Amino acid sequence: MVSYAMIVRNLTTDQHALLAFKHQIIIDPHNILADNWTTNYPVCNWAGVSCAAKHTRVRALNLSNMNLTGAIPPQLGNLSFLVSLNLSRNNFHDHLPRELGQLSRLELIDLSSNFLNGEIPSCFGRLDKVLHLILANNNLTGVIPPSIANMSNLENLDLNNNLFHGNIPYEMSKLMKLRTLRLAKNRFSGSIPAAIYNISALRMISLPYNNLSGSLPKKICHHLLNLEALYLYENEFSGQIPTSIGECKNLRQLMLDTNRFNGRIPTSIGNLTALTYLYLFANDLEGEIPWEIGKLEKLEYLHVEYMRLDGSIPASIFNLSSLKTIVLGDNNLSGNFKINVSSFYI
């Protein structure tokens, strides 16, 4: 038997949901919704609204960068054909309504750069078609719900610059299609679940400015053959930089600075021929700078200051025509310095 609720869900349902959204807007500086979102115009012609041709239902809601202020009402959960929701770069506040977890067709959720607070509802795990979950630059709190692992098609997770805390859940290692992981500028602690390094689709791991600790796995690059950027700076990581880092052949930016890594700089870094940024400064690394760094013909920025490096600076580094900045200060290095770069500090 078909329920009554299923019978009445149509474009009128979508209109009522959008009008409820409009009523939650307390500041609309350009009067876009005030003037356009009225019954004088067809819903599918409202600003920021796109409809699907086949079903004539609201398919996309894009109100980004309109300086709107207000709350996101639960009625948005009635837009059952919604595929794309973009409310980024506004002034939305209050919590994320649980009813958004009903939008089973969603592929994009971009609510970044607002003032949203509270936790990510665990029911977001039902949204298994979402490709991009972008909640960066808000005031969201709590922990990442383990149910996020059910978003099995997720490719881009961006939770940068919030107030999340606790451990990175092991369940996230089930997101085997994940390409970018951005959790910077939060309060995460503990170690990175080792299984996350098994997600072969990853292109970027960005976790700086947290309280993460532990060591990097010895076979860190065994599965990360597509990794292009590894940002772990400003944490509490320790141990040695694994030799296997040289197997991440597509790595372009390696930033491990301001941690507690010790031991020597692995010579295998010389295998990272796509590398443009190498930031290792402010660690407990010692020994000589490996001459193999001189093989990095695309290297533009080299920062190895504030450590316990000694010996001569390899002449091979000075032959890198791509170098723009090299910083070697506060070490015990020696040698002749003949190099043509825009910035050179020792």
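Author: The structure holds 10 aromatic pairs, and it is a predicted model, in which local features need pLDDT of at least 70 and side-chain atom pairs count only at pLDDT 80 or more, while totals for chains, interfaces and linings use all residues. In one of these pairs, the ring centres of Trp37 and Trp46 lie 5.3 Å apart with the planes at 25°, so the two rings are stacked. Here rings of Phe, Tyr and Trp (for Trp, the six-membered ring) pair if their centres lie within 6.5 Å, and planes under 30 degrees apart count as stacked, over 60 as edge-to-face and the rest as tilted. Trp37 and Trp46 are both buried, where buried means under 20% relative accessible area, exposed means over 50% and partly exposed lies in between (1.4 Å probe, protein chains only). Tyr231 and Tyr233 make an edge-to-face pair, because their planes stand at 65° with the centres 6.4 Å apart, and these two tyrosines are likewise both buried. Residues are numbered from 1 along each chain as its sequence is written, and side-chain values use heavy atoms, with hydrogens and water left out.

Trp37 and Trp46 also belong to one aromatic cluster, together with Phe21 and Phe92. Three of the names in that cluster, Phe21, Trp37 and Trp46, can be set against residues 13-51, which UniProt lists, in an unreviewed entry, as "domain: Leucine-rich repeat-containing N-terminal plant-type"; UniProt positions are given in the numbering used here, feature names are shortened, and annotations may be inferred rather than shown by experiment. This span is 41% helix and 15% strand, and its end C-alpha atoms lie 13 Å apart (helices, H or I, of at least four residues and strands, E, of at least two are DSSP runs, numbered from the N terminus).

A disulfide, that is, a pair of cysteine sulfur atoms within 2.5 Å, joins Cys44 to Cys51 at an S to S distance of 2.0 Å. The link of Cys44 and Cys51 is left-handed, with -95° about the S-S bond. Cys44 is partly exposed at a relative accessible area of 24%, and Cys51 is partly exposed at 23%.

The structure holds 2 disulfides, and one of them joins Cys221 to Cys248, with 1.8 Å from S to S. Its torsion about the S-S bond is about -100°, so this disulfide is left-handed. Cys221 lies in the loop between strand E16 (211-214) and strand E17 (229-231), and Cys248 in the loop between strand E18 (236-240) and strand E19 (253-255), so the pair ties together parts that are 27 residues apart in sequence. Both Cys221 and Cys248 are buried.

Strands E16 and E18 take part in an open sheet of 8 strands with parallel pairing, in the order E12-E14-E16-E18-E20-E22-E24-E26. Strand E12 (165-166) and strand E26 (332-334) are the edge strands, each pairing on one side only; two strands pair if DSSP finds at least two bridges between them.

Two side chains bring a charge to a ring, which counts as sitting over the ring if NZ of Lys or CZ of Arg is within 6 Å of the ring centre and within 35 degrees of the ring normal. The charged end of Arg105 sits over the ring of Phe81, 4.0 Å from its centre, and that of Lys185 sits over the ring of Tyr209, 5.6 Å from its centre.
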